[in-house]
Amino acid sequence: MSNTVKETLSTGRLLLMSSAVSATAANLYYNQPILPKIGAELGLTSEQLGTVPAAGQIGYAAALLLLSPLGDTVPRKRLIAILSILLVLSSLVAFSASSLLFLVAACFAIGLSANITQQLIPFAASLSTPETKGKVIGTLMTGLTVGILLSRTLSGFVAESFGWRAVFVMSATIAAIFGVLLYALLPMNTPTTKIPYPKLVASMATLIKQHATLRTSALTGALWFASFNALWATLALHVSESPFNYNAQQAGMFGVIALAGVIGAKVSGSLVSKFGSRNMISMALVIIAAGFVVSGLFADTLVGLIIGIILIDLGVFSAQVSNQVRVFSIDPQAQSRINGVYMLAYYLGGAFGSFAGIQAFERAGWLGVVGFSVVVVALGFIVNRVSKP
């Protein structure tokens with residue numbers, strides 16, 4: 001059996017899946033740097049432009065709830081192929097959009113299609129052994145991190161050189177290439193779960209009730225991701241004020257520091273089988289809290305902010321890999337639904353953190369953000385330690 005798994009999840013196949021995760025996740029962020037160009041051509045206000053990235057995020061959240069469960073009943077290879085076709089078509093619609101309505105609809109469909117990422121991660125986890133699961137997920141999370149970080153840079157370069165519509169041509173081309181490669185090289189799995197679609201979606205609530213580990217993982221992840229989003233929702237506001245007075249481009253350079261998350265994902269993936277998910281998450285949460293404390297104590301120094309952000313990113317991505325190893329060990333027959341529940345909670349926590357972080361900043365400045373973040377990370381630590389395994 002182990003030889004079969006080893007052949008099924010070869011190094012080359014894992015590299016392909018990791019690269020596809022990177023390329024697919026990037027689609028959620030391509031539109032952010034090109035919003036001014038879109039607005040100028042289509043004559044849109046700032047409020048109208050805000051619906052473009054929001055549509056992609058809403059589509060992604062909807063897919064977590066409505067499409068992720070299908071991975072337990074439909075062969076994932078077939079599902080990924082369908083989503084790849086949808087991604088190509090929706091990108092081409094965005095390319096040709098001449099009105100806000102069509103562009104928003106296309107971005108919503110792109111968000112739905114980006115569920116490819118949330119099909120590939122449980123797919124790879126199901127093909128790995130318990131001993132290699134941590135490294136496999138760490139590799140995929142590395143791809144995810146790189147895709148998120150490089151997406152804005154790549155999109156901005158293409159838009160400046162060829163116009164904003166070329167970004168969506170690029171997206172369609174990349175999606176088509178990976179769609180063909182994934183269909184040609186991935187194995188065809190045979191799901192053993194046969195549940196009608198309405199019951200399949202409804203069963204996600206049953207899984208939450210049934211598995212204490214899922215409740216623990218979802219709540220813990222939501223809490224630390226809330227702190228992470230509070231940071232990134234307010235950092236530009238903080239450094240635009242005295243003593244920094246940075247412009248938008250200078251503030252955006254802090255995103256490069258997030259590459260520290262790649263290191264956290266790789267290290268955590270290699271250590272989780274040795275120390276266990278709960279202990280690795282606890283250590284990661286301590287690192288995150290330490291990062292916020294440093295960024296608070298040295299809020300007015302560039303070095304202090306950089307060190308704090310590095311620690312926060314190391315901790316967040318380390319915790320994410322360890323938590324997903326725990327999540328994918330709950331029920332092999334329901335991995336897609338369980339991952340859908342977990343990631344939905346994760347992104348809801350992130351949305352709450354963005355909102356709460358801005359509110360904290362308006363009332364108490366950067367120290368208010370730090371205080372809020374330390375509190376929610378501490379709550380996450382408590383949930384992780386006292387909840388049932």
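Let me begin with a term: a residue is called buried when its relative accessible area is under 20%, exposed when over 50%, and partly exposed in between, with a 1.4 Å probe and protein chains only. By that rule, 55% of the 389 residues of this protein count as buried.

This is a predicted model, in which local features need pLDDT of at least 70 and side-chain atom pairs count only at pLDDT 80 or more, while totals for chains, interfaces and linings use all residues. Residues are numbered from 1 along each chain as its sequence is written, and side-chain values use heavy atoms, leaving out hydrogens and water.

The protein has 18 helices and zero strands, both taken as DSSP runs numbered from the N terminus (helices H or I, at least four residues; strands E, at least two). Along its principal axes, the C-alpha trace spans about 60 × 55 × 35 Å.

Now to the largest pocket, which holds about 1800 Å³ of space. A pocket here is an open set of points on a 1 Å grid over the protein atoms alone, where a 1.4 Å probe fits, with protein on both sides within 12 Å along at least five of seven lines, and lining residues have an atom within 4 Å of a point; the volume is the space filled by probe spheres set on the points, which are joined across faces, edges and corners. Of the 49 lining residues, Tyr29, Gln32, Ile148, Arg152 and Trp232 are the closest to the centre of the largest pocket, and helix H18 gives the most to the lining, with nine residues.
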